[in-house]
Amino acid sequence: MDSNKYFEMLKYIILIFSIIMGTSLTTYQKNVYNPIIAHRGGWNAKNLPENSIASLKHAIELGCAGSEFDVHMTADNILVICHDSKFYGLEIEKVNYQDLLTYVLSNKEKIPTLEAYLKAGTKKNKHTRLVLEIKPSGISKERSIQIAENVYNLVKKMKAENMIDYISFDIDILKTLINLNPSVSTQYLNGDMPPMDLKALGISGLDYNFKVYKQKPQWIPEAKKLNLILNAWTVNDVDDIDFFLSQNFDFITTNEPELAKERLDELMHSK
Ligand code: MG
């Protein structure tokens, strides 16, 4: 082989090698294990109000896999973000949105609408999923279904569909979403259904209280076998965080995303 041909071949080998390396590097980056979901946003360490836009932004800054939040609907059908069914003593579904504006969150934010939340959550954010909990109505099942439909329509209108994981304690809310669109991502919260039953309903995964998995550890391999998403709430202690990391949960929902990130880094370095 003359030297020209030899160098041509060497160049070719180097090119192929760098393509392979480049690809594997990208794949590795994409597949970095990061199961951390900030429960009601990243509020705790920063002393921000739960379910505020500031807490959502902080979860995104932290690089969380997801940021969770709770949705209720006012009497005049405005979807708002709040954990409890009452906001400063006002029963959300029995008052109009304007009435809620009498009060502000501790950081002076007004109670976020779902529209404002989705706007903030989709801006310059590709890595943090929006984990949207639909709270059932205390008035009627019909209203719960209506809330689910309104949420779905707003998410669609705002083109946020690909970033949303829906969660709910109410199985009928999840069924409504699946009827609207079988490809939506849904996780059931109530802890009382075995993985097989969720699979049969077309639900994507289970997001159960962490104690449920300790009482029914067989549900972990069962869910994995059925390709269901595994998520646990609300995992705040080091030992519990380590346990669910070691079980390779898809998601771990926590009030302590900074601590969970530390434990995750520790685990990655020890591998
Ligand atoms: Mg919640």
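Predicted model: local features only at pLDDT ≥ 70, side-chain atom pairs only at ≥ 80, totals over all residues.

Reader: Which residues touch the most other members of the largest nonpolar core?
Author: They are L114, L132, V151 and Y166, in a core of 60 residues. A nonpolar core is a set of buried Ala, Val, Leu, Ile, Met, Phe, Trp, Tyr and Cys residues joined through side-chain atoms within 4.5 Å. Buried means under 20% relative accessible area, exposed over 50%, and partly exposed in between, with a 1.4 Å probe and protein chains only. Helix 5 (residues 141-157) supplies the largest share of this core, six residues. Helices (H or I, at least four residues) and strands (E, at least two) are DSSP runs, numbered from the N terminus.

Reader: And V151, what is it in contact with?
Author: Leaving aside neighbours within four places in sequence, V151 is in contact with V71, L79, L114, L132, I134 and Y166. Contact means heavy atoms within 4.5 Å.

Reader: Which residues does the second core include?
Author: The second, separate core has nine residues, among them V80, F87, Y97 and L105.

Reader: New topic: what coordinates the magnesium ion?
Author: E68 (OE), D70 (OD) and E133 (OE) coordinate the magnesium ion at 2.1 Å. Donors are N, O and S atoms within 2.8 Å of the metal (3.2 Å for Na, K and Ca); water is not among the atoms, so sites may look incomplete. Along the chain, the donors follow the spacing E-x1-D-x62-E. E68 lies in strand 2 (residues 66-73) and E133 in strand 6 (residues 129-134), 65 residues apart, so the pair links distant parts of the chain.

Reader: Is E68 buried or exposed?
Author: E68 counts as buried because its relative accessibility is 2%. E133 is buried too, with a relative accessible area of 5%.

Reader: Where is I167?
Author: I167 is in strand 7 (residues 164-168), and I167 is buried, with a relative accessible area of 2%. Leaving aside neighbours within four places in sequence, its contacts include E68, E133 and D207. The C-alpha atoms of I167 and D207 are separated by 7.7 Å, although these residues are 40 residues apart along the chain.

Note on methods. Residues numbered from 1 in each chain as written. Heavy atoms only, no water.
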